Amino acid sequence: MARQEKKKDVVIVGLGWTGSIAGIELAQEGLDIVALERGHDQNTVPNFEYPQQIDELKYGVRLKMMQKPSQQTLTVRRDGGETALPYRSLGSFLPGNGVGGAGTHWNGLNWRPQEIELKLRSHVVENWGEEIIPEGMNLGDYPVSYDELEPFFTQFEKVAGISGQAGNLNGEIREGGNPFEGWRSEDYPMPPMPTTYDSAKFRDAAAAMGYHPFHAPAGIASTSYVNPYGMQMGPCNFCGFCERYGCYQYSKSSPQTAILGALKRYPNFEYRTQSEVLRVELAADGQTATGVTYWDDVAQEEVFQPADIVILSSYQLNNVHLMLLSGLGEAYNPLTGEGTLGKNYAYQMNGGVTMFFRDEEFNPFVGHGANGVCIDDFSISQNDFGAEGFIGGSYWRSGTFNGQPIRNMPLPKGTPSWGAGWKQAIGENYGHAMSIGSHGSHMSYANNHLDLDPTYTDRHGRPLMRMTFNWQDNDLKMNQFMKSKMEPLAASMNPDLMQSGFKGEGAMYDVRPYQTTHNTGGHIMGETAREGAVNRYSQSWKAHNVFAMGAGNFVQNTQYNPTGLVGGLAYHTVNAIRTQYLSNPRPLV
Amino acid sequence: MTDLPGYPSRRNFLKASAAGVALSGLAAQAKAQETTPPVPLEEYDRSYLTADEWAFVMAASARLIPSEGDGPGAIEARVPVFIDLQLAGDYGSADDWYMEGPHDPDAEPARGWQTPLSPAEIYRQAIPAFDAWCQETHGAAFAELSEELQDAALTALQNGDVGLASEIRDFFTILLANTKEGYFADPQYGGNHEMQSWVYIGFPGARAAYRAWPERHNEKYPLGPVSISGERA
């Protein structure tokens, strides 16, 4: 029989960005809170200290900050006709592990969605008609609007400490910012970061073609900064070790730099690491949860943690897995469209061009994860879907982010992969290349979904989650459109050599190369219990005292990195709990 | 060379990054004091590889990154030591990976790692299988072949023309990846000896402090690399 812990007002599952936000905001209400974290504890000191953190092999290649598949993973197949096989070693995406979660090892790109991305179905139907929506695409509107979320985007940006330059301040378009962004009530908390050589070249070439370059919005401190919780950040020194690393100098936005130090000072908050939640327990009537059962990896036993409110704030994939295992809704059936859990899993469609300039110096190791200049001239709000034959868009960016040579060694196509030719090429090319990336939207489809695997189990005997996912024509067409627009821009810069990498028609999902850790959907928001697993407040339709936060809420993925929307939705949810739910616990919709 | 337990040579490291080129004479002096000559590869005390496997890894890595031309080869960088240590550690035994069955080693490559074998087990099974192919095709084990025949054999291995069993079919991919890792990883892992590969390409290693550099456009960064333990080159 499981050990039982003292009842808490709130149990938080996973202490990354959204768990930390829920923790500190609900701690301010005086609630008695425990956060359960599957992984280890980690903080800037001692875990991310210089110089031990500056280790490409350990963190960049052997992925020691990431979820270990031996502890938790899933299976993958491209369509219902394939047998799903385990994602045995990490490749395509890298869920985090330990306190801070993916918010610790991310790159720091912090975007808001465009207004129409949250009402994309309506935007498409109003402008081109329902008939342009491809068969099998589950195009939807979010049940919240940009205007409703705007104060919460602002709140998250202040907490996380974002550097950038407003392009649309209360409707007024500002020179140097992104003219196509959603309106913002305040400018960024910090000014933009300095511009590296590749970014400057891209900026000038883009401006010459009539595009609108602006600084990437960076969760990287450009100045010293104190956030609303009193947490301090120091300016980034372009060390070039962001993605896959913890920041050694308090410059990258993370739960550690922005929230956890303040949160740990609340006596009504505690957290337990190496505590892996196995399931949410439902009351006999099935209408509410009674708490969670977790595995205490130190004591090697199951523990029941009773609580009045359950916040699911683990990584998107793990949230969906827990909800499927706990019966927090019906599993999605792609054939009938019934059920909501696992519905609308989506990803990101990316491509890019690499340019070689034999006689120019880019110092690729001088950079940060959110470095660069962007354009949004081919973003979702700018594309004529009817004329182009796809629904979607992308932002483009150029900026050095790491020059770590095991993984970042662009070489001209046709270079031998080994031998004297390879060795000569690395000497000739390292530091003399730059790239432009296209970071594109990914729609939701009946084919792409999550459910439980019939064969493989984890160390607790639970079924692994099964991902059914493949690239779809709509997004591949969008990617090819970006190629056709980006190549002329790259050519205008007169490189000695340029080469493109954009997936096209017929591309099959390959789990091996790293692509992006922007896994979305699976416990999406819906206007009704038929459409989504949670309502507009991330509240479970099945059990009203369960709130599931994070990118699992996304109806379809946006064209941007997800963290800004994740943070905004988390503050929106926690605000609803504070102002509406605590005084009268009930379904809020 | 250790200042504090667990923080090797921080003082020397700081000295190296702050003083930079101006004090290169001093730095060179300090370096001379610190360097102890490594064990010759022929006398290296192996942690995982057998004598035959070591001979293969020495010979194969020497062709994957040859000594000829500019920059160090795998042998000068001591890549075989790196590979031996990695295979002896948790990478070699796939400790972090999900290795439960059933396995489908015949699955198409895009499905990812599906062999039941760990990297260390793949080396153990694939080296004799490949040597047998070399013997049959070229009349000698790989390490005994001429460089020209070694290159031909490695090309056949890379192209999947050696007839390896599905469980070990990815051997070349792993061997090449590990060789490049050993070439570019921090020297604490046994390869990239004296940071020669970083010097060769112009990567400053663990310096990780470039505050003045983002806006110095098209200007080559002048300082040589430092390692995590505080070596410099």
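Predicted model: local features only at pLDDT ≥ 70, side-chain atom pairs only at ≥ 80, totals over all residues.
**Stop 1: chain A as a whole**

Start by selecting chain A, which holds 13 helices and 24 strands. Its radius of gyration is 23 Å, close to the 25 Å that the globule rule gives for 589 residues, so chain A is as compact as a globular protein of that length. Of the 589 residues in chain A, 60% are buried. Among contacts in chain A with a separation of 6 or more, 75% link residues 24 or more positions apart.

**Stop 2: an enclosed helix**

Now select residues 255-263 of chain A, which form helix α8. Seven of the nine residues in this helix are buried, so the rest of the structure largely encloses it. To see them, show the side chains of Pro255(A), Gln256(A), Thr257(A), Ala258(A), Ile259(A), Leu260(A) and Leu263(A). What do these buried residues of α8(A) pack against? Their partners in chain A are the helices α1 (17-27), α2 (44-47), α4 (102-105) and α6 (146-160), along with the strands β10 (232-233) and β11 (269-272).

Two backbone features can be visited from here. Phe238(A) is in the loop between β10 and α8 of chain A. Although it is not a glycine, Phe238(A) has a positive phi of about 55 degrees. Phe238(A) is also buried, with 25 other C-beta atoms within 10 Å. Next, go to Val45(A) and Pro46(A), which are joined by a cis peptide bond with omega of about 10 degrees. Pro46(A) belongs to helix α2 of chain A. For context, most residues other than glycine have a negative phi, and most peptide bonds are trans.

**Stop 3: a four-stranded sheet**

Colour the strands β5, β4, β21 and β20 of chain A, which in that order make an open sheet with mixed pairing. Which strands stand at the edges? They are β5 (85-86) and β20 (449-457) of chain A, each with a single partner strand, so one side of each has no neighbour in the sheet. Zoom in on β4 (residues 74-77) of chain A: two bridges join it to β5(A), and the two strands run antiparallel. Thr75(A) has Pro86(A) of β5(A) as its bridge partner.

**Stop 4: where the chains meet**

Bring chain B into view: 51 of its residues are in contact with 53 residues of chain A. On the chain B side, the elements that give two or more residues are α3, α7 (171-184) and α8 (196-201). The largest share, four residues, comes from α7(B). By class, this side of chain B has 28 nonpolar, seven polar and 16 charged residues.

**Stop 5: inside chain B**

Select α3 (residues 51-64) and α6 (residues 147-158) of chain B, which pack at an angle of about 85 degrees with their axes 10 Å apart. That makes the two helices roughly perpendicular. Ala59(B), Ala60(B) and Arg63(B) of α3(B) make the contact with Glu147(B), Gln150(B), Asp151(B) and Leu154(B) of α6(B).

Finish with two backbone details. A cis peptide bond joins Gly101(B) and Pro102(B), with omega of about 0 degrees. Ala208(B), in the segment after α8 of chain B, has a positive phi of about 55 degrees.

Methods. Residues numbered from 1 in each chain as written. Chains lettered and ligands numbered in written order. Rg over C-alpha atoms; globule rule 2.2 N^0.38 Å. Buried ≥ 20, exposed ≤ 12 C-beta atoms within 10 Å, placed from the backbone. Contact = placed C-beta atoms within 7 Å. Axes fitted to C-alpha atoms, helices over the stretch in contact; angles between N-to-C directions. Parallel < 35°, antiparallel > 145°, perpendicular 65-115°, else oblique. Pairing = 2+ DSSP bridges. Nonpolar A, V, L, I, M, F, W, Y, C, P; charged D, E, K, R; others polar.
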